[in-house]
Amino acid sequence: MQILDGSALSSKIKETISKDVKELKVRTGNVPGLAVILVGHDPASAAYVGMKKKACDAVGFYSVTHEMPKDISQEAIEKTITMMNDNPNIDGILIQLPLPEQIDANRLLELVAPEKDVDGFHPYNVGRLTTGLEGFVPCTPLGVMRLLNEYNIDVKGMNACVVGASNIVGKPMASLLLNAHATVDICHIHTKDLKARTLEADILLVGVGVINLIKKDMVKEGAIIIDIGINRAENGKLVGDVDFENVSQKCSYITPVPGGVGPMTIAMLLQNTLKSAQRR
Ligand SMILES: NC(=O)c1ccc[n+]([C@@H]2O[C@H](COP(=O)([O-])OP(=O)(O)OC[C@H]3O[C@@H](n4cnc5c(N)ncnc54)[C@H](O)[C@@H]3O)[C@@H](O)[C@H]2O)c1
């Protein structure tokens, strides 16, 4: 069994991005700029935004976080997004999800200028992804594909099983795998016999948010396991959706949590923002 080391690869990518930022600055006088919209005081969201800001600082990006109270109006957030769309120093706009109930998240995501949609959540970019056209791809699934590429894993012809079908993880993950010519099965909460499906998988990708959802008897011998889940265990430690200790005895490759997909997500956010700045 081999560990797919997302931390190591993410560091390598960030080094390259730092160099590219310096080069961009010399050539144009600009550095990439990322604006983050954070609504409310969800500790997990605040922690993710903090990590993104730190990563931006480390590679020399300009970044700004618009912190807004939980009871903010739709209109006020829309105004900020429009301002960021028009701000020439901003190359990427990120709306930290989830949002409070009174807010229509889809309307906000559609308001972000597609050329600044570094999260790849705008329907324009979603459409480009499903049709196999160039565009912004959601950072987590993009990071998974980059990690597989680093280890020379080609999914062409493989049976891929994606567990979790959200717009930000499962669905774009499935599109990328299909675009790379895997045969893709997508499972979710209403899937009838999950184990029958996961057992068919040459590559199993899990982004659900349930500790130990995937156990050893649900995994085919020699399968590749990608654990996208991030959960806080009772002892305070971060864990994924896969029973790592037991499943790792049976698979060929596996991503750890932490240190697998998480750091790749941040690296891809930086990469997407740099790409946007290079087009500025
Ligand atoms: N590694 C990263 O960088 C990263 C990024 C985003 C999300 N995540 C993590 O991925 C997980 C999923 O996030 P999300 O935003 O897609 O969540 P979500 O709640 O939007 O979606 C969860 C999906 O899992 C499915 N599901 C729920 N329970 C299930 C079960 N028992 N069996 C099968 N399917 C089930 C649901 O139907 C849904 O499709 C979370 O743990 C989140 O923290 C990690």
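Pro258 is found in the loop between strand E11 (253-254) and helix H10, where helices (H or I, at least four residues) and strands (E, at least two) are DSSP runs numbered from the N terminus. The peptide bond that leads from Val257 into Pro258 is cis, with omega near 0°. This is a predicted model, in which local features need pLDDT of at least 70 and side-chain atom pairs count only at pLDDT 80 or more, while totals for chains, interfaces and linings use all residues. Residues are numbered from 1 along each chain as its sequence is written, and side-chain values use heavy atoms, with hydrogens and water left out.

A cis bond is also found from Leu97 to Pro98, again with omega near 0°, and Pro98 lies in the loop between E4 and helix H4 (105-111). Another backbone feature belongs to His181, which has a positive phi of about 70° although it is not a glycine; the loop that holds His181 runs between helix H7 (170-179) and strand E6 (183-187).

Seen as a whole, the chain has 10 helices and 11 strands, and its C-alpha trace spans about 50 × 45 × 40 Å along the principal axes. Because a compact globule of 280 residues would have a radius of gyration near 19 Å, the 19 Å of this chain agrees with that expectation; the radius is taken over C-alpha atoms, and the globule rule is 2.2 Å times the number of residues to the power 0.38.

A polar side-chain atom of Thr265 is 2.7 Å from an oxygen atom of the ligand, while a polar backbone atom of Ile230 is 3.1 Å from an oxygen atom of the ligand, and a polar backbone atom of Ile228 lies 3.3 Å from a ligand nitrogen atom. The ligand taken alone exposes 860 Å², and the protein buries 70% of that, with accessible areas from the Shrake-Rupley method and a 1.4 Å probe.

The structure also holds 1 cavity of 30 Å³ or more, a cavity being a set of points, on a 1 Å grid over the protein atoms alone, where a 1.4 Å probe fits but cannot get out, whereas a pocket is an open set with protein on both sides within 12 Å along at least five of seven lines, and lining residues have an atom within 4 Å of a point. The largest cavity has a volume of about 50 Å³, and strand E4 (residues 92-95) gives the most to its lining, with 3 residues. Among the lining residues are Ile93, Leu94, Ile95 and Phe121, and by class the lining has 6 nonpolar, no polar and 2 charged residues.

The second largest pocket has a volume of about 180 Å³. This pocket is lined by 13 residues, with Asn212, Val239, Val242, Asp243 and Phe244 nearest its centre, and helix H9 (residues 244-247) gives the most to the lining, with 3 residues.

Key. Polar contact = N/O pair within 3.5 Å; in protein donor to acceptor, adjacent residues only side chain to side chain. Points joined across faces, edges and corners; volume = space filled by probe spheres on them. Nonpolar A, V, L, I, M, F, W, Y, C, P; charged D, E, K, R; others polar.
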